[in-house]
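Visitor: I am new to this entry, and I would like to be guided through it slowly. Could we begin by looking at it together?

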Amino acid sequence: MTDAQMGLAVAMPAIVVMAVLLYRMGVLQRGGVAAAVLMSLAIATVLFLEQ
């Protein structure tokens with residue numbers, strides 16, 4: 001696993017956790033959380049596989 005892939009593996013869960021925390025604080029709506037999680041997952045998957 002390269003350094004870039006390791007960074008993606010660490011950053012992706014951090015983004016998901018942050019989105020959930022913002023939802024619980026009332027800053028994001030459910031659709032915003034879903035969009036953030038799905039888009040970050042899609043981006044991380046594409047970047048991970050291209051490495």
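**A guided look**

Visitor: How far apart are the end C-alpha atoms over residues 31-49?
Guide: Over residues 31-49 the chain is 100% helix and 0% strand, where helices (H or I, at least four residues) and strands (E, at least two) are DSSP runs, numbered from the N terminus. This is a predicted model, in which local features need pLDDT of at least 70 and side-chain atom pairs count only at pLDDT 80 or more, while totals for chains, interfaces and linings use all residues. Residues are numbered from 1 along each chain as its sequence is written, and side-chain values use heavy atoms, with hydrogens and water left out. The end C-alpha atoms of residues 31-49 lie apart by 27 Å.

Visitor: Which residues does the UniProt annotation "transmembrane region" cover?
Guide: The annotation comes from an unreviewed UniProt entry, and such annotations may be inferred rather than shown by experiment.

Visitor: Why is helix 1 roughly antiparallel to helix 2?
Guide: Helix 1 (residues 3-25) and helix 2 (residues 30-50) pack with their axes 9 Å apart, the axes being lines fitted to C-alpha atoms over the stretch in contact, with angles running from 0 to 180 degrees between N-to-C directions. Angles over 145 degrees count as roughly antiparallel. Helix 1 is therefore roughly antiparallel to helix 2, because the angle between them is about 180°.

Visitor: What share of the 51 residues counts as buried?
Guide: Buried means under 20% relative accessible area, computed with a 1.4 Å probe and protein chains only. Of the 51 residues of the protein, the share that counts as buried is 14%.

Note on methods
Buried < 20%, exposed > 50% of the residue type's maximum accessible area, 1.4 Å probe, protein only. Parallel < 35°, antiparallel > 145°, perpendicular 65-115°, else oblique.
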